[in-house]
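This briefing is meant for a reader meeting the structure for the first time.

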Amino acid sequence: MLYLNTSDIEKVGKNWKETIDVIEHAVHSLKKEDYAQPIKPYLRYHDMSNRIIAMPAFVGGDTYMAGIKWIASFPKNLQEGIQRAHSITILNEARTGKPVATINTALVSGIRTASVSGLLLKHYEQVRPLQNVTVGIIGFGPIGRLHLQMVTAMLGEKIAKVVLYDIAGIQQEHIPVEIKEKTVIAQTWEEAYCEADVFITCTVSPHGFIDKQPKRQSLLLNVSLRDFTPKILDYTRSIIVDDWTEVCRENTDIEIMHLERGLQKEDTKSITDIVCLDQMKEFPQDEPIMFNPMGMAIFDIAIAAYYYKQALSQGIGTHLQD
């Protein structure tokens, strides 16, 4: 068995084009029903703001791997100087079930999250080409930083300005050098939101607060899932989800919109509709498009398998005896 930690993953590095391609291949496996993914259980005890989630899956196609991610999210850890999320992924050979890798790091999970966002950005830009882009990001912890790295790699010179906001302040040493001169530190979330062409939520907010109109034709990547009030439906009905059954629960913005405004599955498009059926172009041209990703275990297994194969080929990691 190969053991990989954060340092090992950092040695392999981040190639956003490749990890986005990995996610795209997994979406096609999803469309072909060449996958297995039971609904994920949430373990909660004492403080109900904390959760530990089990995410088992099998992915076919080029990945052809099974496994499980076990991820803890304890938001109040940040007050003690401890990272919010801790994650471990175990990979099993799909044919035999033999465990082949243990990946003990939340970094792979974060790369998966940003790569899924990158895939939606890629398909958005195919329909609505971007120039002189203002990127707004609220929440600049590990997920926000990875999203900034991803969007910088994808859009490059097309970015005119990046506006960052975090209620706890911005640690500027985490801003990539190549985008630093274009970056503005905001004092309110509205500054990062109202004029953004691409807006990304990466907070730990327990409930929605964004109630203002977004920029026309913008892309809203609602990564943290609990930042918008149902009022967003007054401004757009162009809603994408990764998986309706998963995302319409656990007090997400989608669940609140479902309960308070009657949003139904048929009112949304899925990630397979966008990637495999090219349905992004069916949205009204002037409306913002909002993506709500609960996080699918098949994507975690696909990205973990990618890093496992990269580490093997580069001689990175520690081999453990059975």
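In this predicted model, helices α3 and α9 cross in a right-handed manner. Helix α3 covers residues 107-127 and helix α9 covers residues 297-314, and their axes come within 9 Å of each other while crossing at roughly 115 degrees. The points below begin with this crossing and then turn to other parts of the chain.

**The crossing of α3 and α9**

- On the α3 side, the residues that take part in the contact are Val 108, Ser 109, Ile 111, Arg 112 and Val 116, and they meet Phe 299, Asp 300, Ile 303, Ala 304 and Tyr 307 in α9.
- Because Asp 300 belongs to helix α9 and Arg 112 to helix α3, the pair ties together parts that are 188 residues apart in sequence.
- Asp 300 counts as buried, since its relative accessibility is 3%, and Arg 112 counts as buried as well, at 8% relative accessibility.

**Other salt bridges**

- Side chains of opposite charge can pair when their charged atoms come close.
- The model has a count of 16 salt bridges.
- One of them joins Asp 286 and Arg 216, whose closest N and O atoms are 4.0 Å apart.
- Asp 286 lies in the loop between α8 (271-277) and β15 (289-292), whereas Arg 216 lies in the loop between β11 (198-201) and β12, so this pair ties together parts that are 70 residues apart in sequence.
- With a relative accessibility of 39%, Asp 286 counts as partly exposed, while Arg 216, at 55%, counts as exposed.
- Salt bridges that share partners also join Lys 17, Asp 21, Glu 24 and Lys 122 into one network.

**The loop between β3 and β4**

- The loop between β3 (42-43) and β4 (51-59) holds Tyr 45, which counts as partly exposed at 40% relative accessibility.
- Asp 47 forms a salt bridge with Lys 76, with the closest N and O atoms 3.0 Å apart.
- This pair links distant parts of the chain, for Asp 47 is in the loop between β3 and β4 and Lys 76 is in the loop between β5 (65-73) and β6 (85-93), 29 residues apart.
- Both partners count as partly exposed, Lys 76 with 43% relative accessibility and Asp 47 with 24%.

**Residues with a positive phi**

- Most residues other than glycine have a negative phi.
- His 46, although not a glycine, has a positive phi of about 55 degrees, and this residue is found in the loop between β3 and β4.
- Leu 225 also has a positive phi without being a glycine, with a value near 70 degrees, and it lies in the loop between β12 (219-221) and β13 (238-241).
- Which of the terms buried, partly exposed or exposed applies to Leu 225? Leu 225 is buried, because its relative accessible area is 5% and the limit for that term is under 20%.
- His 46, by contrast, counts as exposed, because its relative accessibility is 77% and that term applies over 50%.

How values were computed: Residues are numbered from 1 along each chain as its sequence is written. This is a predicted model: local features need pLDDT of at least 70, side-chain atom pairs count only at pLDDT 80 or more; totals for chains, interfaces and linings use all residues. Side-chain values use heavy atoms; hydrogens and water are left out. Helices (H or I, at least four residues) and strands (E, at least two) are DSSP runs, numbered from the N terminus. Buried means under 20% relative accessible area, exposed over 50%, partly exposed in between (1.4 Å probe, protein chains only). Axes are lines fitted to C-alpha atoms, for helices over the stretch in contact, and angles run from 0 to 180 degrees between N-to-C directions. A crossing is left-handed if the near helix is turned anticlockwise from the far one by less than a right angle, and right-handed if clockwise. Contact means heavy atoms within 4.5 Å. A salt bridge is a side-chain nitrogen of Lys or Arg within 4 Å of a carboxyl oxygen of Asp or Glu.
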